[in-house]
Amino acid sequence: MTAPAAALSTALADILADPDTAPLGSRTTAEDRQHLAYGLPGIALLHIERAAAGLAPWHRAHAWLTACARQPFTSGADSHPFYGAPAFAHVLTCAAEHLPGSYQRALTTLDDQIARDVLRHLAAAHRRLDAGRLPETAEFDAIRGLSGYGTYLLRRNPGSATVRTALDYCVRLTEPVIHNGVALPGWWTPAAPSGRLDTGRFPGGHANSGMAHGVGGVLAFLALAARRGTVVDGHHDAMNTILVWLDRWREESGCGPAWPYWVTREELRSGQLAPSTPRRPSWCYGTAGLARAQQLAALALGDTPRRLDSENALVASLTDAAQLKATTDDGLCHGFAGLAHIAARTAADAHPSTAGQLQALIPALLATICPPGTDPATAAATVVREAGPGYLDGAAGIALALLAPATRTPPRTTWDACLLIA
């Protein structure tokens with residue numbers, strides 16, 4: 001056990017113990033109340049995982065679930081996997097995994113609503129495909145789109161017709177398209193990474209590689225489904241199409257391979273990536289998330305060389321001083337806690353030749369977050385004050401991401417399933 005990191009995780013959870021007294025701020029309690037990334041559901045996840053691990057009483061988790069449910073949840077077109085009813089369903093599923101028989105009525109209602117929403121999204125996506133239009137990333141990504149929805153439904157009912165239909169869509173998404181006479185990958189979007197048109201910086205759009213908003217999430221969903229035995233026609237070909245694309249745009253950082261956050265139209269035309277400074281190897285964008293997605297795909301495909309390659313890519317990114325210097329916070333989404341957690345998840349599935357290397361890198365990552373001698377209570381108060389209480393960037397996510405690496409114990413719930421890494 002890495003004691004300072006475990007102590008910091010506990011101190012963060014203690015500050016966020018009671019929804020009536022925790023320092024939440026207006027964003028958490030108002031406009032982002034229902035948001036998994038910033039609001040109450042993400043904090044509830046922390047207390048559910050700690051209760052399931054025997055580190056805290058269940059009444060804390062119940063208090064946060066009650067706080068989440070005090071107001072109606074948004075569903076339908078205004079919701080998505082990280083907002084509204086689907087976000088709460090993810091949290092409730094994590095609790096139900098360890099409380100047999102609990103929350104089943106609520107989950108049945110939520111699952112029915114989510115399945116209807118997914119089918120509406122799929123119908124709209126196929127109409128778009130039939131019309132030959134390019135997608136928005138929100139159609140397919142992990143945060144707002146069908147990769148995120150599909151991964152939730154995969155946990156709940158892996159062999160369901162809705163899951164298979166979502167996988168069929170992902171297969172179709174990987175088919176190339178001809179747009180204005182140019183061959184593009186099916187996930188090419190006409191907008192900028194922000195989701196808005198930007199003819200100055202992104203004329204002709206881009207192909208997003210990331211786990212949060214790009215094809216990395218699609219690859220991970222396909223891989224997770226295949227590992228659970230749910231496979232549709234063209235499933236393996238679709239994974240290989242994405243992997244070949246990533247191979248095409250892989251570049252050597254000097255310490256190992258790295259992947260661009262996205263590919264622009266000019267880069268596609270020239271076949272060359274524009275020069276860039278080293279980028280952080282984060283979950284949302286960067287080598288860590290994509291290495292995990294490729295490892296999952298390699299495991300699903302039985303491709304040992306690719307498995308080793310992806311694991312070694314993660315090792316390289318976590319030992320590259322330039323990439324680590326570009327990592328400037330401790331958060332789950334794009335900080336050191338997220339890197340430690342991905343390293344632990346990847347090591348658990350790694351080939352024996354790389355598992356030990358990954359485990360050996362974790363203490364240094366944890367020491368960056370909580371150096372030896374740090375007072376955990378003081379550090380926790382600083383984290384909550386500066387980063388906020390939330391899941392993706394704040395205290396709840398950091399506390400969760402520290403648990404498995406610090407204790408060398410796998411997560412007891414699937415709290416990170418919404419990240420498409422497990």
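R227, R292 and D349 are joined in a network of salt bridges, a salt bridge being a side-chain nitrogen of Lys or Arg within 4 Å of a carboxyl oxygen of Asp or Glu. The model is predicted, so local features need pLDDT of at least 70 and side-chain atom pairs count only at pLDDT 80 or more, while totals for chains, interfaces and linings use all residues. Residues are numbered from 1 along each chain as its sequence is written, and side-chain values use heavy atoms, with hydrogens and water left out.

**Salt bridges**

- The structure holds 18 salt bridges.
- One of them joins the side chains of D14 and R60, at 3.2 Å from N to O. D14 lies in helix 1 (residues 3–15) and R60 in helix 4 (residues 58–68), so this pair ties together parts that are 46 residues apart in sequence; helices here are DSSP runs of H or I with at least four residues, strands are runs of E with at least two, and both are numbered from the N terminus.
- D14 is partly exposed at 41% relative accessibility, whereas R60 is buried at 18%. Buried means under 20% relative accessible area, exposed over 50%, and partly exposed in between (1.4 Å probe, protein chains only).
- R172 and D130 also meet in a salt bridge, at 2.6 Å from N to O. R172 belongs to helix 9 (residues 161–173) and D130 to helix 6 (residues 104–130), 42 residues apart.

**Nonpolar core**

- The largest nonpolar core has 137 residues, of which L12, F82, Y169, W283, Y391 and L419 touch the most other members. Such a core is a set of buried Ala, Val, Leu, Ile, Met, Phe, Trp, Tyr and Cys residues joined through side-chain atoms within 4.5 Å.
- Helix 10 (residues 215–227) gives the largest share of this core, ten residues.

**Pocket and cavity**

- On a 1 Å grid over the protein atoms alone, a cavity is a set of points where a 1.4 Å probe fits but cannot get out; a pocket is an open set with protein on both sides within 12 Å along at least five of seven lines, and lining residues have an atom within 4 Å of a point.
- The largest pocket holds about 270 Å³ of space, volume being the space filled by probe spheres set on grid points joined across faces, edges and corners. Among its 20 lining residues, E251, A258, T277, P278 and R279 are the closest to its centre.
- The largest cavity holds about 120 Å³. P81, H90, G148, Y152 and C418 lie nearest its centre, among 13 lining residues.
- Helix 8 supplies five residues, the largest share of the lining of the largest cavity.
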